[in-house]
Amino acid sequence: MKAADVLTCVRPRQWSKNLILYAGLLFSEKALLFQPAAWFWATCGFFVFCLLSGCVYIINDLVDVERDRRHPEKCRRPIAAGLVTVFQAKILLAILLTAAFGGSLALSGLFACSAAAYFALNLAYSLKLKHVVLLDVLCIAVGFVLRAQAGVGSLRGIDSGIYISHWLLLCTLMLALFLALAKRRQELVTLTENADRHRVSLADYTPAFIDQMISIVSATTVVSYALYTVSQETVAKFGTDGLVLTVPIVVYGIFRYLYLIHLRSLGDNPSELLLADRPLQLTILLWALAVAAIIHSNGLITISTH
């Protein structure tokens, strides 16, 4: 067993999903974004979730090892390819799981509860729910919500009063659901008539059905974010209604992703797409910088409504 194969088992290229744990820093009204200690604890939380998500990937590969061997791409994964034996994978899983939950307990009760819920959800997903139509994508979306909540938990040692808006949790849920549906659509298109042999739930999906759901979820994502930016709670929390200026950036990001799905036949791996598509990267960066500037400029960016 080589170190490179061990690293591949925990899929570091998928760790970008855990960047959502930094949302608590970005959307804090108490300027935690500029406190090194806050970055330290948020980064600790990020790496704990990287370990935890690595455990989930190992479990998933152990459960799906025979199915993966029949997949045109997944057959190259270390466990499916025999580069890491099942016994070695179980030992690695035990070590990483111990480290992940130990780190979770050291951060805060909220973080530990979020981490435990995330692991339990993904265990149920790997063993059963990923084969159940609709529940499979909902599990993925809820996993992102738990990540966002854990990000807040990682900062509780700095500020016990920090919280994340329910609007933002809703936006996270809708955006993650959008990405999960796009992934299912591309799997269905790529694998064609053999799709259900690689993922059982794909037998109950059609491209037209998924396209309908994507249309609903993408619209809901934009509307939810727009309502968040102008809600009384948000304006009172940050002392500005300027966040509404970031709505066009979000709209472009959604449109760009839809373009990549329908015209470039991409979307089967959101993490890989994020690392490969420069316009999408620039959109996310511009959005983050705009949000940081508006929130942390002490309300200087305000739209007059009088």
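Where is the place of Arg70: in which loop, between which helices?

Reply: A caution comes before the answer: this is a predicted model. Arg70 sits in a loop, with α4 (65-68) on one side and α5 (78-81) on the other. Its relative accessible area is 44%. Buried would need a value under 20% and exposed one over 50%, so Arg70 falls in between and counts as partly exposed. For a sense of span, pair Arg70 with Ala290. They are 220 residues apart in sequence. From C-alpha to C-alpha, Arg70 and Ala290 are 45 Å apart in space.

Take Leu134, in the loop between α7 (109-127) and α8 (135-153). Leu134 has a phi near 75°. That is a positive value, and the residue is not a glycine. Leu134 is partly exposed, because its relative accessibility is 36%. Ser265 is in the loop that joins α13 (247-262) and α14 (270-276). Phi is positive at Ser265 too, near 55°, again in a residue other than glycine. Relative accessibility is 44% at Ser265, so this residue counts as partly exposed.

Next, the surface. Phe40, Trp41 and Ile158 make a nonpolar patch there. The patch covers about 270 Å². Of its members, Trp41 belongs to helix α3, which runs over residues 36-63. Trp41 has 32% relative accessibility and is therefore partly exposed. Patch residues need over 30% relative accessible area, and the 32% of Trp41 is given above.

Rolling a probe the size of a water molecule over the atoms shows where empty space is left. Here the count comes to one cavity of 30 Å³ or more. The largest cavity has a volume of about 40 Å³. Its lining draws on several stretches of the sequence. Ala23, Gly24, Phe27, Ser28 and Glu29 are among the lining residues. Val152 lines the cavity as well, as do Ile162, Tyr163 and Ile164. Sorted by class, the lining has six nonpolar residues, two polar and two charged.

Technical notes: Residues are numbered from 1 along each chain as its sequence is written. This is a predicted model: local features need pLDDT of at least 70, side-chain atom pairs count only at pLDDT 80 or more; totals for chains, interfaces and linings use all residues. Side-chain values use heavy atoms; hydrogens and water are left out. Patches are made of residues with over 30% relative accessible area and no salt bridge: like charges are joined within 9 Å, nonpolar side chains (Val, Leu, Ile, Met, Phe, Trp, Tyr) within 5 Å. Accessible areas come from the Shrake-Rupley method with a 1.4 Å probe; for residues, only the protein chains shown count as cover. A salt bridge is a side-chain nitrogen of Lys or Arg within 4 Å of a carboxyl oxygen of Asp or Glu. Helices (H or I, at least four residues) and strands (E, at least two) are DSSP runs, numbered from the N terminus. Buried means under 20% relative accessible area, exposed over 50%, partly exposed in between (1.4 Å probe, protein chains only). On a 1 Å grid over the protein atoms alone, a cavity is a set of points where a 1.4 Å probe fits but cannot get out, and a pocket is an open set with protein on both sides within 12 Å along at least five of seven lines; lining residues have an atom within 4 Å of a point. Grid points are joined across faces, edges and corners, and a volume is the space filled by probe spheres set on the points. Ala, Val, Leu, Ile, Met, Phe, Trp, Tyr, Cys and Pro count as nonpolar, Asp, Glu, Lys and Arg as charged, and the others, Gly among them, as polar.
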